Amino acid sequence: MSAPKQRFTVLGAGLGGALMAVYLGRAGYEVLVIERRPDARKGPGDRGRSINLAISTRGIHALGQVGLADQVLAMAVPMRGRMVHALDGHLAFHPYSPDGGQCLNSVSRQGLNNVLLDAAEALPNVRLHFGMKCEGVDLDAGTATVEGAATGASRTTPPGILIGADGAFSAVRREMQRLDRFDYSQTWEAYGYKELTMPAAGGGRHALPANALHIWPRGGYMLIALPNAEGSFTCTLFWPLEGPSSFASVKTAGDVARFFESSFPDAVSLMPGLAEDYFANPTGSLVTVRCRPWRYRDRVVLLGDACHAVVPFYGQGANAAFEDCVVLDECLRAHAPDVAAAFEAYEVRRKEDVDALANLALANFVEMRDTVASTRFHLMKRLEHALHRAFPTWFVPLYSMVTFSRTPYAEAVRRAERQWKVVRWAAGAGALLLLLFMLSIVV
């Protein structure tokens, strides 16, 4: 069987772009990958912009399709539930599943990206180029004009098919936005985030229980911590950008110390470099991106954050980008050699689902920062687990469908709504029957 004739240029060597290059390379295509940043495998990456990833079923499946799942899981730390830290230091563990068997996998973003880049580079028909900034895109030719950061020299990539995997501020999408009837929206949150570090304790031990996603919910803001294999935790503070208690209100190391000592007293003692991290690491922003169409004829298609950036609170951003790769690969195979039909089928299959994910992620932020410590939240989770144990095939919690299955996101939302509608009906019917029974006794 001869190799496919199409040539692909993948703009962006982040998680989605690197994995897509592996899929395309293994399918026999000639693939050129262009990345604006330097090769992080040869030096430090972007400091302070690496919220640890929670790789779950969708991501593991995508990695497994190209033989990388075992390698990634070997460097991951399983998280079997949320560990909620109350202000008084009390800890409450909430497992993700009734039997504690389901887990998220905490993985370093850069570590995972390095695995994907190594896998892509190992393929003879995939070439990687770093330090190349995109200066323009020709949609009809499927080319990008790029400029070398070191030399300043410009060149145009070979004509072919262009995949825009270049993030929420995609240069490829920006050019597509010039097209007639292109829909685009971006929604910024009033919150930002800052990466912090909790180093390993003596002997490389974790300073907190390792197999949990730690949350300090404080009603309106929160701190989270995800474990790393070498014993440290990558922590992220989510806090309003403006206001009397916000990133804008902190000016000195004393301000940092006072805020953390009052809000996260059991964490601050485990973060000796807190002030240094706080001022050295940038404050990131949170944006949701929606657009349509994701494609232009048989020349250009978008992938990952370039077409559906979401806030990180459902832990599905990377998983969704990896699922994009699976679906795009399936569509290219199913519709070959009709690339335009493949791109259309890919968008039809994914658009509704990632829009549903965007809504879920926004809602989960409220849950994590405001309600996860409430008694009502605990009771609802116990009820969900009890229903799932009693009716394992009929009632599956929404979180489980999203995180621990490959049920399409939109279908998971619809199914959850149907389940709870039945539960509410049954509860109402039961209450009515009880009332009638009590009345019959009285009569």
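Some ground rules. Because the model is predicted, local features need pLDDT of at least 70 and side-chain atom pairs count only at pLDDT 80 or more, while totals for chains, interfaces and linings use all residues. Residues are numbered from 1 along each chain as its sequence is written, and side-chain values use heavy atoms, with hydrogens and water left out.

I start with Ser232. This residue sits in the loop between strand E15 (222-227) and strand E16 (233-240); helices (H or I, at least four residues) and strands (E, at least two) are DSSP runs, numbered from the N terminus. Is Ser232 buried or exposed? Ser232 has 8% relative accessibility, so it counts as buried. The cut-offs are under 20% relative accessible area for buried, over 50% for exposed, and partly exposed in between, with a 1.4 Å probe and protein chains only.

What does Ser232 touch, leaving aside its neighbours within four places in sequence? The residues in contact with Ser232 are then Met198, Pro199, Ala200, His206, Leu226 and Pro227, where contact means heavy atoms within 4.5 Å.

Now the salt bridges. The rule is a side-chain nitrogen of Lys or Arg within 4 Å of a carboxyl oxygen of Asp or Glu. By this rule the model has 22 salt bridges.

One of them joins Asp118 to Arg41, with the closest N and O atoms 2.7 Å apart. Asp118 belongs to helix H4 (residues 109-121) and Arg41 to the loop between strand E2 (30-34) and strand E3 (53-55), so this pair ties together parts that are 77 residues apart in sequence. Asp118 is partly exposed at 42% relative accessibility, and Arg41 is partly exposed too, at 23%. Both residues also belong to a network of salt bridges that links Asp39, Arg41, Asp118 and Glu121.

Next is Arg414, which forms a salt bridge with Glu411, the closest N and O atoms being 3.4 Å apart. Why are these two separated by about one helical turn? Because they are three residues apart in helix H14 (residues 409-442). Arg414 has a relative accessible area of 33% and is partly exposed; Glu411, at 26%, is partly exposed as well.

Last, the side chains of Arg178 and Glu175 meet in a salt bridge at 3.3 Å, N to O. Arg178 counts as exposed, at 65% relative accessibility, whereas Glu175 counts as partly exposed, at 23%.
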